[in-house]
Amino acid sequence: MRELFRNAWLGWGRYTENGKFAALLLAVLLIFWLLQRAAFGDHKKFLGLMVYTSFMTVACICPVTAVCFMLYQTRFYDYEWIWSLVPVTAVIAAGGTVFLEKIWEDYSHPKEKRYFRASLFTAALVLLIFFSGSLDQKVWNDGVTGSERAQVEAVLERLMTEQDEEGLCLWAPREVLECARAYSGEIFLLYGRDMWDGALGAYTYEVYDETRRELYLWMDHAEESGSLVGIVEVLTVDEAGEQHNGEKQLDGIVCIQDAINMGANRILLPGNMQEEDLEQIEKALSVEAEELGGYILLRLGK
């Protein structure tokens, strides 16, 4: 429950950081309730829509009611999904329509200057909506900067040039996997971005098997610590079918062997891996580790 409240508290910031349509929504609601008759004319035809939208907007912003919505939609979905209950697009469109109607009524005089002013206001409104974002859709770049993406793409280009007839099956840190699919559809991955971002699989309840989840957890741990063996948090299921948080020790050599068994023929390890751990990997798996663009490459297969 504490986690839900934390997600609800921070969710409003996440929802608004990539777009400003929420600000436009609040502006329309504020104008409607403060200047109903003056701004909206026959406001009764908008009353039902505005009452519902105002109530749901406040409920989605307030952490307590937001948590209730999040419990209703189940933990599978993030905070941002509760905003599907709010008709954001419809209300902004209604406010924009009323605004333009008033502008063209006031300035639709035969004189060219008044026509020009109305056109300017219309263009300004279009630009305002255009630069407000893209309906607050999350940016799926996981914080990867342009320079980092260029570095990753250089690594992927090198791997693509030396792939064999079997193709390229890659296991790597998350920032590499994030860029790999966008770089080329010919790159096979053991798992995708929906491994760490559940919202990408919001319309399906299919989940990865335990082995693939452990591969991701170990790689994530290796990026932070650079060590071969580590303790990671996992979900365990008891006899009653309830899930509990637990800990498990993962051995990097076992994880790498599992990735090989799944078909991976190119493995990129974090560049901060300890030297003695790399020697263990080379000895246990009979592979040679080499530096490639800030990562450690294990070239497998033919």
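1. The side chains of E214 and K248 are joined by a polar contact of 2.4 Å. A polar contact is a pair of N or O atoms within 3.5 Å; within protein, one must be able to donate a hydrogen and the other to accept it, and residues adjacent in sequence count only if both atoms are side-chain atoms.

2. This is a predicted model: local features need pLDDT of at least 70, side-chain atom pairs count only at pLDDT 80 or more, and totals for chains, interfaces and linings use all residues. Residues are numbered from 1 along each chain as its sequence is written, and side-chain values use heavy atoms, without hydrogens and water.

3. E214 sits in helix α10 (residues 210-225). Helices (H or I, at least four residues) and strands (E, at least two) are DSSP runs, numbered from the N terminus. E214 counts as buried because its relative accessibility is 13%. Buried means under 20% relative accessible area, exposed over 50%, partly exposed in between (1.4 Å probe, protein chains only).

4. An open sheet has five strands in the order β2-β1-β5-β7-β6, with mixed pairing. Two strands pair if DSSP finds at least two bridges between them. The edge strands, β2 (187-189) and β6 (289-292), each pair on one side only. Four bridges join β6 to β7 (residues 295-299), and these two run antiparallel. L292 has Y295 in β7 as its bridge partner.

5. The largest nonpolar core has 48 residues; L170 and W218 are among those touching the most other members. Such a core is a set of buried Ala, Val, Leu, Ile, Met, Phe, Trp, Tyr and Cys residues joined through side-chain atoms within 4.5 Å. A second, separate core of 27 residues includes Y15 and F32.
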